[in-house]
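Colleague: I would like a close look at a single part of this model. Please keep the answer connected and define the terms as they come up.

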Amino acid sequence: MAIGELSGYQMGQATRDAFGDALAELGDEFPNVVTVDGDVGNSTRTEPFALKYPDRAFNVGIAESNMVSVAGGLAGAGKTPVVASFACFLMCNAFDQIRMSAAFPNLNVKLVGSHAGISIGEDGPSQMGIEDVALGCSLPGVAVIVPADATTAKKATRAMLEHKGPTYLRLGRPKVPAIHNDSVDFQIGKSIQIREGSDATIIANGLMVAIAADAAKKLEADGLSVRVIDMHTVKPLDRAAVEKAARETGAIVVAEEHMHHGGLGSVVAQAVTETHPVPVGFVDVGDVYAESGDPMGLLEKYGLTADKVAQTVKTTVARKG
Amino acid sequence: GHLRLDPKNPTDPDRDRFILSKGHAVPVLYAAMAERGYFTVEETMSLRKLGSVFEGHPNMRRMPGIEASTGSLGQGLSLGIGQALGVRIDGRNSRVFVMIGDGEMGEGQVWEAIATAAKYKLDNLVAIIDQNGYQQTGATKDVLDLKPFAEKIEPFGWHTQTINGNKLEEVLPALDKAVAEKGRPSVIVSLTQKGFGMLPVLEAEGDTNYHGKPLSSKLAEKALALLE
């Protein structure tokens, strides 16, 4: 069964494709936007913008450090640079440049990392960004956004350009189910509840939102009423929604396509502990590097499935005081 | 001066930019900015003290007129490229000057930037390499010898000059030539001597290597007397 099928979702665009379309569409409305690429624009999907606005697109070659600092300089000159690469190469290779040329000076640099998570598949672990959210969240003042579907990826692209200050937008490679309608209200730092429930809450982002919805559907058959929240912004976290979920449902499971430490799970657990402590369970990649393989097979092997989320909800609910 | 800027309007989009990539030399930049009228010399005396905006390395967030927050070596030339591209898109005549240390040239990012500036034919960009021959633990020629800089950078597509950076009569014409160069970026390799101007005092003490350490107050008094 395909991801999201149980929840009645149709398969939609990949978030990277939606971003690429949105960026090219917004070029006239945001005349200060420029792109800086490390020669992977046909993968990150900055290419449509670069073809439409060749004078505003800079491919600096396979040199991520230089790429990020050039973006910092463009921001210093009043531009809104969108600097894109694979999530792992952007955040890991150029982390010091992100720190010194974007975050610390609080420059209006828009970081975009594609090919996040293990669902990129066959290219294998060297290409999988699984540490990127933790790295992004560690930087003061950087907003970290992980859209779940094409509709919110487009809205996130606009929100990122309107936002003043550095942002990190995390995108995926494969096609993902269409979860949200065009009318959805997307704001940085404001989560979207996609399903009501009273026994537990699954807080997810990216690809895991559709999987979380499927898990909630499965749990319905077991008599459990489960809330599902699309926590598309990891930082600044929608702490009010987390506290409300803790108070009203008494158990929380966090699901993300990221390593165990430092991602959505960590920030939600901090918020729960500080507001209304309840049991929290985690579904994530763990503390390992994955391997090469087909995306669905990888998600299955590394436990990013509706069954695993449902099972984790049950064990977490069982820990309620 | 070669920098066309107004201390009273430090965010003027048409200003020239100076980026100190070797951020550890920022006390010299503060002194120059004081001379130019950004603040008084008296104000700079709070250097490195808690609460002072005169931090140990440049912090553009806290000090208008500072064009880049540096201190992690290797990033200034790339930042300069971004500034140079940005002002060029807008059709401004602003020029961008970046000062880099010779030890800093060991950072691979600088060479990425050298190639990129040439690709975009950034003739509004001038790099100055301060070749003083010393870095943290010793002589640059012993740590990682990357000389000769001009001969290595020229084939990337840069205009190059090598001068005695302690002689103002060589510095000023080199800057004139650098900004006049069309169609390619320009680098000035500036051969300098640490402590120039107070060398007799240092030599008398038998130690002329003052990299990252202040003079004792006794030596500072002697050096100041010599400079005046």
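How many bridges join strand S8 of chain A to strand S9 of chain A, and do the two run parallel or antiparallel?

Modeller: This is a predicted model, in which local features need pLDDT of at least 70, side-chain atom pairs count only at pLDDT 80 or more, and totals for chains, interfaces and linings use all residues. Residues are numbered from 1 along each chain as its sequence is written, while chains are lettered from A and ligands numbered from 1 in the order in which they are written.

Strand S8 (residues 200-204) and strand S9 (residues 226-230) of chain A run parallel and are joined by five bridges. Strands here are DSSP runs of E with at least two residues, helices are runs of H or I with at least four, and both are numbered from the N terminus. Two strands pair if DSSP finds at least two bridges between them. A:Ala200 has A:Val226 of S9(A) as its bridge partner.

Both strands belong to an open sheet of five strands in chain A, ordered S7-S9-S8-S11-S12, and the pairing is mixed. Strand S7 (192-195) and strand S12 (280-283) are at the edges with a single partner strand each, so one side of each has no neighbour in the sheet. On average, neighbouring strands are turned by 25° against each other, direction ignored; axes are lines fitted to C-alpha atoms, for helices over the stretch in contact, and angles run from 0 to 180 degrees between N-to-C directions.

Helix H10 (residues 239-249) of chain A packs on this sheet and touches S8, S9 and strand S11 (252-255). Contact means that the C-beta atoms of two residues, placed from the backbone, lie within 7 Å. The direction of H10(A) makes about 155° with that of S8(A).
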